[in-house]
Amino acid sequence: MFSHPLPPNVPPSPTPAERERRGLGGRGSKFIARIIARTDVLKIVDLLRQQGHEVIAPFCGRGRDSFFDTVTDENRSAVELHLPNPYYPPKRFVLPHIERLLKVRRINGDIHMEPTYTEQKRAIFGIRSCDVAGIYHLDRFYLGRDFRDIYYEKHRKNLFLVNVVCTDPNRDIGEECFCVCADTGPAARDHFDLQLMDLGDEFMAVAGTPAGEAMFTNPIFKKAAEAHVERRRAILDEVRKRFKTTTSWFPATVRYISQGNILEKTWEEIGNRCLECGGCTYVCPACTCFTVSDRQVGPDEIERVRIWDSCALGGFTRMAGGFNPRRAVHDRRNRRFFRKLAHYFIQRELSMACVGCGRCAAVCHGDIGMPSVVEMIRRATAENDKIAPQPI
Amino acid sequence: MTASATENIYLPKLAVLDRVTDDIAEVKTFHWHFENAEEQKKFKRFRPGQFAQVSLFGVGEFPASLPPSPTEDETFFTIRQVGSCTAALHQLKPGDKFAVRGPYGNGFPMEDYYGKNLVFVAGGIGLIPLRSCIIYALAHRDKFQRIQIFYGSKTPKELMYQPNLREWEKSAGVECYLTVDRAANGWTGNVGVVGSLFKKPGVQVPVDNTVAFVCGPPIMFRFVIKDLLAMGFSEQNIVSTLERYMKCGVGKCGHCCIGVAYVCVDGPVFTYEQIKKLGEDI
């Protein structure tokens, strides 16, 4: 009943002959690595721009603020490799905030419909591992199952991802990051085209797709030695210990939510803290919901657009006539966490709709981001633990 | 149903309104056909219980049940005016154009019900989605055992599809029982809620080897379910179709997601056993 076609850019596992040709040996890795000097790293941006990509990269604003923007000749030198992950996720480059689906014109009583697509070649340079997992989740959702979303697909197949591993505990790893618990980072294991990791004076580049591997023909990429691989492993070992928020009860929460073992009281407690602003869904790299709206753009012309929507908002499920099956706030909060963590959906998409980026925790005024919700569920479960040993 | 890889799942197809007939207050039936004959042929493969997305450009798109049976020639919607899209549809005149995409959803698995008794219980405009199944079942009469229809509305004037009702009442192959909450206009039939029909003398509802279809307003649904369970129906032999706010109809926009189901692709038809597990108001 459910089909799961592979999304674009996900390579099949290499055959033994292919492993031989790429010199992969018996280490069980399908990735090949190169070394690039620190001073050459931004040349990857130049290369991608020369290939006709619009390159998106992260920049620093004031204070903690950071943002993704298009790289131009003017701002190219300001691209940052280590910085706090921007709150506004790179999801918008595959699922724009507002996207036109159709242009409809009325001419002499006749209706002319024209679907409009964007086929811009894009590269995201410096995308974090959590956001790579976010895009992979969107791939599973929009391209898997019975219906493929052609608008998403056109963005996605033109997208090249250069993942930068979070290695700087002060700059990269935020207070709320918990990718180690969602198993998406700090180094993505797949779904990127190219991955860069800071080894100090130089970066290790790893190709995740043939398109990424093709970059290695450029002389800025040098052969890597076993010592580099060792250094990469040592750095990752260290970084994993530097996370501030560890949501250690995450897998248990998945189990409790899937089995429906969370008390209504706990959901109410969570719901009571929701201000219904929808912020969590707008910063989430794995949220998929949208609404569709028609708007007038000329006397005889309208366009149909889709716009990000949020299950936190009261009208999300309200039907014409006013009936709303989800009246209470906690019904809607319950919905969000159930949809993200229920085992049924993880299996259905073969990917979890929470990637551990911690953005919801950072933006939530009521402190019910994912880590807090997991903690509230853990605490409630501890209080309700029915198993008490008998001192007989 | 699976869309091909290159198909745009959000692109509706142009349709022409042929004629409009009045049903009850604020409810009209819109007969239409696709401009493209090929599309019409493709669409006609729908199953009872499926739905379509109706586009009124400049206003929006809404999901609508398909009251016709695939065994009938005509395609039509029966729509109550409740929101902005349905109001715009009610403004259309014959010859006007709008757009439709679908059919979507799972529909009733009618083939699985071959050899069984069918009991249809509807209240008010709940008869709209069930009309498709009833006509379908009557067109394949030899495939089913007994067919019973229990239908109620507030007043005699609010009984839907009156020509069909008269036909079913006269037909030998179907037992059709009607009721109204308030008698008027010389109504001589039963007065009371739909559930009161089950206890009427001479009415015998088969329970074994029977599927009960229930559609109607939430309050009627709750009471009918109670009656059916008390009669001995099992939860998996009671089926219904859910209504939810929907934007896409193809499992992407997220509005109709309840429990572990997207109503648009995993439903709208669910057994009562499933509905209970989804855990939301009907």
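Predicted model: local features only at pLDDT ≥ 70, side-chain atom pairs only at ≥ 80, totals over all residues.

Me: How far apart do the C-alpha centres of domain 2 and domain 3 of chain B lie?
Reply: Chain B is split into domain 1 (13-104), domain 2 (110-241) and domain 3 (243-282). Taking the C-alpha centres of domain 2 of chain B and domain 3 of chain B, the separation is 24 Å.

Me: Which element gives the largest share of the side of domain 2 of chain B that touches domain 3 of chain B?
Reply: In this contact, 9 residues of domain 2 of chain B meet 10 residues of domain 3 of chain B. On the domain 2 side, the elements giving two or more residues are α6 (218-231) and β12 (238-241) of chain B. By class, that side has 5 nonpolar, 3 polar and 1 charged residues. The largest share, 4 residues, comes from β12(B).

Me: Now for chain A. What distance separates the centres of domain 1 of chain A and domain 2 of chain A?
Reply: The assignment gives chain A a domain 1 (16-240) and a domain 2 (250-378). Between their centres, taken over C-alpha atoms, the distance is 26 Å.

Me: Which element gives the most to the side of domain 1 of chain A that touches domain 2 of chain A?
Reply: Here 35 residues of domain 1 of chain A are in contact with 30 residues of domain 2 of chain A. The elements that give two or more residues to the domain 1 side are β4, α3 and α5 (179-182) of chain A. That side divides into 18 nonpolar, 8 polar and 9 charged residues. With 10 residues, the element that gives the most is β4(A).

Me: And where the two chains meet, which element gives the most to the side of chain A that touches chain B?
Reply: The contact takes 34 residues from chain A and 33 residues from chain B. On the chain A side, β4 (98-107), β5 (110-115) and β11 (290-298) each supply at least two residues. The residues of that side divide into 20 nonpolar, 6 polar and 8 charged. The element that gives the most, with 6 residues, is β11(A).

Me: I can see a sheet in chain A. Which strands stand at the edges?
Reply: The sheet is open, with 8 strands in the order β3-β2-β6-β7-β8-β9-β1-β10 (chain A) and mixed pairing. An edge strand has a single partner, so one side of it is left without a neighbour in the sheet; the strands in that position are β3 (66-70) and β10 (222-223) of chain A.

Me: Which residue is the bridge partner of Ile35(A) in β10(A)?
Reply: Strand β1 (residues 32-37) of chain A runs antiparallel to β10(A), and 2 bridges join them. Within β10(A), the partner of Ile35(A) is Lys222(A).

Me: What about β2(A): which residue in the turn of its hairpin with β3(A) has a positive phi?
Reply: β2(A) and β3(A) pair in the antiparallel sense over 5 bridges, and in β3(A) the bridge partner of Pro58(A) is Phe68(A). The hairpin has 5 residues between its strands, and the turn residue with a positive phi, of about 60 degrees, is Gly63(A).

Me: Is the crossing of α3(A) and α4(A) left-handed or right-handed?
Reply: Helix α3 (residues 129-143) and helix α4 (residues 150-157) of chain A pack at an angle of about 145 degrees, with their axes 9 Å apart. Leu138(A), Asp139(A), Tyr142(A) and Leu143(A) in α3(A) meet Tyr152(A), Glu153(A) and Arg156(A) in α4(A). By class, this contact has 4 nonpolar, no polar and 3 charged residues. The crossing is left-handed.

Notes
Residues numbered from 1 in each chain as written. Chains lettered and ligands numbered in written order. Axes fitted to C-alpha atoms, helices over the stretch in contact; angles between N-to-C directions. Left-handed = near helix turned anticlockwise from the far one by under 90°. Contact = placed C-beta atoms within 7 Å. Nonpolar A, V, L, I, M, F, W, Y, C, P; charged D, E, K, R; others polar. Domains from an automatic or database assignment. Pairing = 2+ DSSP bridges.
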